Amino acid sequence: NKAADRAKGEADWQQAAQAIMTTDTFPKLATQQAKFGKHQITLNGFVKGSGMIAPDMATMLAFIVTDAALPAGLLQKLLRAVNADTLNCVTVDSDTSTSDTCLLFATGEKALGGAPLRTLDDRRLKPLRQALAALMQDLAMQLAGDGEGISKLMTIEVTGAASDAAARRIALAIGNSPLVKTAVAGEDANWGRIVMAVGKSGEAASRDRLAISIGGVRVAKNGRVVAGYKEAPVARHMKGRQISICVDVGIGKGRARIWASDLTHDYVSINADYRS
């Protein structure tokens, strides 16, 4: 795992990441650095989760540590803001549980100096916030990429929605759809299932403006299959491990991105036999 090689204090972080694993197939770690006043600070994080994972974080456990000196109240606001676009945008099977936890710790070793940090809008916080977002996105993608029985990792982007929240609900409807997930597992570029999932989300969408791309190839435009559409390049994309699905619902400016796993026979086998 490249993240493990990069992490400061590699052996200790590796052991911690391994200690919290359940059905994970590998320990999940990430590290980032950022400018913090006169200091170069480090953020290290590790996370676990493979099944019963949905955007309430479910059986996900995440621990992030920085050597920056930040007040607890600001840490909480920072974590909540970044988590909304990273770990809370992961779904393996749409199921949740009671043990989800994401904690951000600051050791206080490196102080900023000057006026105290009080708000997320303070420009001095920007490099740290960007580094935290990159670290948590790395962890989020590792989680989705190790979903139980996974063969494909889907990145689903929705634009043109009535709001960002609506876009997120549409994206989750696509990523959680058993029909979409099994089509992806079967390497079937069945964009009709994507349309179905958009419809069942309950969010506003324009039938006559709907556009869909798979693997960067435009499949549908203005609610219809594109003229001269050839499935071959999309079929090639579907054979890969990383699957990209982009949908514009033609209503507004809302946008969201989530990560989801496909649904395979192995997922059924793991959960038919598993009991804690």
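Two strands pair if DSSP finds at least two bridges between them. Helices (H or I, at least four residues) and strands (E, at least two) are DSSP runs, numbered from the N terminus. The model shown in these views is predicted: local features need pLDDT of at least 70, side-chain atom pairs count only at pLDDT 80 or more, and totals for chains, interfaces and linings use all residues. Residues are numbered from 1 along each chain as its sequence is written, and side-chain values use heavy atoms, with hydrogens and water left out.

**View 1. Strands β8 and β9 pair in the antiparallel sense.**
Two bridges hold this pairing. A220 has V225 in β9 as its bridge partner. The hairpin of β8 and β9 has two residues between the strands, and N222 there takes a positive phi near 50 degrees.

**View 2. Strand β7 has a partner strand in β8 and another in β10.**
β7 and strand β8 (residues 217-221) are antiparallel and share three bridges. They form a hairpin with two residues between them, where G215 in the turn has a positive phi of about 65 degrees. Strand β7 (residues 211-214) is also joined to strand β10 (residues 242-248) by four bridges, again in the antiparallel sense.

**View 3. Seven strands form an open sheet with mixed pairing.**
The order of the strands is β4-β11-β6-β10-β7-β8-β9. β4 and β9 (224-225) stand at the edges, and each has a single partner strand, so one side of each is left without a neighbour in the sheet. Strands of a sheet pair through backbone hydrogen bonds, either parallel or antiparallel.

**View 4. Strand β6 is mostly covered.**
Eight of the nine residues of β6 are buried (buried means under 20% relative accessible area, exposed over 50%, and partly exposed in between, with a 1.4 Å probe and protein chains only). β6 runs parallel to β10, and seven bridges join the two; here V158 has V247 in β10 as its bridge partner. β6 runs antiparallel to β11, also with seven bridges; here I156 has I258 in β11 as its bridge partner.

**View 5. Helices α4 and α5 lie on the sheet.**
Helix α4 (residues 126-145) lies across β4, β6 (153-161) and β11 (254-261). The direction of α4 is at about 45 degrees to β11. Helix α5 (residues 164-176) packs on the sheet and touches β4, β6, β10 and β11. The direction of α5 makes about 25 degrees with that of β11. Contact here means heavy atoms within 4.5 Å. Axes are lines fitted to C-alpha atoms, for helices over the stretch in contact, and angles run from 0 to 180 degrees between N-to-C directions.

In α6 (residues 178-185), the buried residues are V180, K181, A183 and V184. An α-helix has 3.6 residues a turn, so residues three or four places apart point the same way. Just after α6, E187 takes a positive phi of about 60 degrees.

**View 6. Strands β1 and β2 pair in the antiparallel sense.**
Strand β1 (residues 28-36) and strand β2 (residues 39-48) are joined over nine bridges. F36 has H39 in β2 as its bridge partner. Two residues lie between the strands of this hairpin, and G37 takes a positive phi near 65 degrees.

**View 7. W13, F46 and F63 form one aromatic cluster.**
Rings of Phe, Tyr and Trp (its six-membered ring) pair if their centres lie within 6.5 Å; planes under 30 degrees apart count as stacked, over 60 as edge-to-face and the rest as tilted. By this rule the count comes to two aromatic pairs. One of them is the tilted pair of F46 and F63, at 5.4 Å centre to centre with 35 degrees between the planes. This pair links distant parts of the chain, with F46 in strand β2 and F63 in strand β3 (residues 61-68), 17 residues apart. Both F46 and F63 are buried.
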